Amino acid sequence: MLEIRDIHKSYEGKPLLEGISFTVREGETVCLLGESGSGKSTLLRIIAGLEEAEAGSLWWNGEEISAVPAHKRGFGLMFQDYALFPHRNVQANVAFGLRMQGLPSAEVEARTRAALAMVRMDGFEGRAVAELSGGEQQRVALARALAPDPRLLMLDEPLGALDHALRKQLIGELRRILHDSRKPAIYVTHDREEAFGLADTLMLLHGGRIAQAGSTAELFRHPVNAWAAGFLGLGSLLSGVVLSLAPLRVGTALGVFRVSDCARAWQPGEKVQLLLRPREARVFAGQPEGENQFTARVRDCLFMGENYQTELRVDDYSLTIQTELPLGVGADLVVGFPPDKLSCLEAE
Amino acid sequence: MKAKRGKFWWKALLWLLPAAFLLVFFYQPLAAILRLAFSARLAGEGQSFQPAMVAETFGFTLWQALLSTLLTLGVGLPAAYLFSHFEFPGRKFLRLITLLPFILPTVVTAVCFNSLLGPRGWLNLGLMALFNLSEPPVHILDSLPAILLAHVFYNSSLIIRIVGGAWSRLDRKLTQAARMLGADAWHTFWELTLPLLLPAIGGASLLVFLFDFTSFGVVLMLGGPRFATLEVEIYTQALYLFNLPLAGVLSVVQLAFTLLVAWLQNRVSLPRYGKAAMSSERANLRRPKTRAEKAFTLAVVIMLAALTLLPLLSLVTRSVVSLEADRGARGEVQAGFTLRYYRELFRNTSGSIFYVPPVTAVRNSLLYAGAAMLIANLLGLLTSYALQASGRLGRWLEPLFILPLGASAVTLGLGFVMVFRRPPWDAFSFPMLIPFAHALVALPLVLRTLLPTLRGIPDSLRQAAGTLGAGWARVFREVDLPVMLRSLLVSMVFAFTVSLGEFGASSFLSTGQNPTIPVAIFRYISQPGALNYGQALAMSTILLLVCAAGSVLIEKARLPGEELF
């Protein structure tokens, strides 16, 4: 469907996007996840036709659309702060795109009502947009973007302005609506919770390039490098050097770790980072016995409902682990990570 | 308890001085005019009250104001778009130059156009030299187009500043959202940009209309005897025909209508959609890219330069060029550069229409302007504090202090003459009253500059200073004053230049021995003779330079992102 080929764009003389290519298939929701300033919104605006790329091209079903102006692309864009028209009421906001298509007023009205029903905002037609709460505005903006039946839906941090509880609730609704509409969608966010909740395909944007693309499960299990693991918040990272191969052994400040994950061929002496996932930690009493174990002091222990989030410290290295039971602050204990639960990642 | 009472008295004192001043110098003259007008109406004196004449004058005033406003919009809107969207060489200079006419005295505006289009102006001189004519071929002065042209000249900046300011802050995401929903450029403008800019356009238009409706100097000097607005008619009836009752009736009609427009202006320009439509930061300017954009930029720049720069340059250059034979030396044409008109300002020749050196007018004007600046700013500061400190009451009382904006300078002059000719006042005290009249004319501008800044200082800042042990005087010195300093400077420059150029009230109050600069310029240009003409140009040029310095000061001292009005 949509194909993006080798998009380049610079901002104030510095390269921002350096060759972005990907495709969006029918019914697929692609999440662009990146830090603020990574250029993800700019990329979205280039796809929308609101900004021009310096190089690269856009294709829709094999037809180049790079030069097609924004209002003729037939794409829907939901803005970060919604950009609802303040001088129009809810009904007129949602009807706007339909009116621009020159549809008869009866159809405009019917489809407006249907769009509002889809986001559960029926009955709000006559309300001024300024009277709506943040969540309500978000729904109206979504209805407005969906009403003209765009061939692609783009959402630019649509939940960014909302509080946490509302966000959690709306992620679910967005997933339902995106699924029901079967529209290809590009969803831009810096929040991994949103991305994991919505994406069919997740793309990490970093340093002007797509650092990794794949399903949420793939990215979760096999982050491509230490940056990706850190950004996705998968665990604590520990710097080390490859000591030997087969079995892969990594020397670190906390001792030597044996790793059975071999996603890539390593060289002895190569600098790497180990990903220590909080839920994979094993805690013992006594002294560390051999590899994959070290002694740490409990700095803090927080009750999280299901389990405890415990912050540990070894000299000036700190890491977080999950434990079933509370640990006494100040206590020394032995922590171990089984070789098959460790990931060895390319250092940044 | 004691402290609370002390505070009350402070507040009362804040109110007292401005209120007393307005009562004596504004509402008293106003009452006198009302009394006069209604007594004339009730007495039904056929000779003094002429309904048909009042209606006709009102009709013309309305008509020329409407036409002027439409033309000003025609010039101002494209310029507002240009300044709010495009970066181009000379942008800052052009922006500054368009501010200048607004603070230029109307008399100088009239002389500018006279030096360009009048019988001795560049256009006619050029055509006469080119085609060897003995009479000036172009007669634009003393016509409606001359009035309209001058009105467009000095009011375009209002549209540029107000509409351009709103346009550059208009949230671009809204128009982009419209594009994404399939709206082409025309629909985006029609459905989004125009409705969202409407408060700014409406407010600015009504303000321009207000200035055009109460136009005095321009109409008097460029319209000739055939055209008279209410202002000019009040002046003529009062000073030349001594028909004070009719002048009173005209004043009341004028006042009632301007108040209505001012009220409407206030209503219309209220920001309707608040934060939703305006982003806090200005959109980035960009260089014109397409051929159409480049052509548009060039066209608007040329139009603005022709409209603004040409009359200004024409005045300055014409004031240092002698092109005609001097009086008593017919035939000996000395064409070329001369500073004679400037030198003559300091001499008292018998040929001068004054029996005092023209430089006296300069001295008078500077003295008046200095006094008016101090009075207006002292009153403005006190009033601002009084209005700001009294919350809801202040909002109710505010219109009473803004009202002098609705009363024209000529009305004010008429009222002054009527009230202050009785003992203990007499005709000799009129010149002393000039700074008070000028301060009243400047007060609304001063308030519009100071009050928003004062209201912008968060109370928590003062409270914080207070909890740190600062008394009210200390708080004023350490918190208010530093924040207010720029605004105070701007409002002082405003008051000074307003007083320097004020013509309407001054024409009532200044005497033959004590003219102000605009009054002197008017007398010079009304008299025949190359020397009188040249001296009018020279004095106007001096005033222009002072105003130019003023507009630079205002532009520099203005807080970034802050707009006038």
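## Domains of chain A

Domain bounds, as used here, come from an automatic or database domain assignment. In this predicted model, chain A is divided into domain 1, residues 2–226, and domain 2, residues 234–346. The centres of domain 1 and domain 2 of chain A, taken over C-alpha atoms, are separated by 39 Å.

Five residues of domain 1 of chain A are in contact with seven residues of domain 2 of chain A. On the domain 1 side, the residues that touch domain 2 comprise three nonpolar, two polar and no charged.

## Confidence

The average pLDDT of chain A is 90, and 99% of its residues score at least 70. Within chain A, helix α2 (residues 90–100) has the highest confidence, at 94, while helix α5 (residues 164–181) has the lowest, at a mean of 83.

## Contact between chains A and B

Where chain A meets chain B, 18 residues of chain A are in contact with 17 residues of chain B. Strand β6 (75–78) and helix α2 of chain A each supply at least two residues of the chain A side. By class, that side has 13 nonpolar, five polar and no charged residues.

## The largest nonpolar core

The largest nonpolar core has 254 residues, and the members touching the most others are Val163(B) and Ala442(B). Helix α6 of chain B, residues 144–169, gives the most to this core, with 15 residues. Domain 1 (2–226) and domain 2 (234–346) of chain A both give residues to the core, so the core lies between them.

Which residues does Val163(B) touch, not counting those up to four places away in sequence? On that basis, Val163(B) touches Gly76(B), Leu77(B) and Ala80(B), as well as Leu197(B), Ala200(B), Ile201(B) and Ala204(B).

Val188(A) is placed in strand β8 of chain A, which covers residues 185–189. Is Val188(A) buried or exposed? Val188(A) has 28 other C-beta atoms within 10 Å; a residue counts as buried if 20 or more lie within that distance, and Val188(A) is therefore buried.

Contacts of Val188(A), leaving out residues up to four places away in sequence, include Leu32(A), Lys40(A), Ser41(A) and Leu44(A). Val188(A) also touches Leu155(A), Asp156(A) and Glu157(A). Cys31(A) is 157 residues from Val188(A) along the chain, yet the C-alpha atoms of these two residues are separated by 5.8 Å.

Terms used. Residues numbered from 1 in each chain as written. Chains lettered and ligands numbered in written order. Predicted model: local features only at pLDDT ≥ 70, side-chain atom pairs only at ≥ 80, totals over all residues. Core = buried A, V, L, I, M, F, W, Y, C linked by C-beta atoms within 7 Å. Buried ≥ 20, exposed ≤ 12 C-beta atoms within 10 Å, placed from the backbone. Helix = DSSP H or I, 4+ residues; strand = E, 2+ residues; numbered from the N terminus. Contact = placed C-beta atoms within 7 Å. Nonpolar A, V, L, I, M, F, W, Y, C, P; charged D, E, K, R; others polar. pLDDT = per-residue confidence, 0-100.
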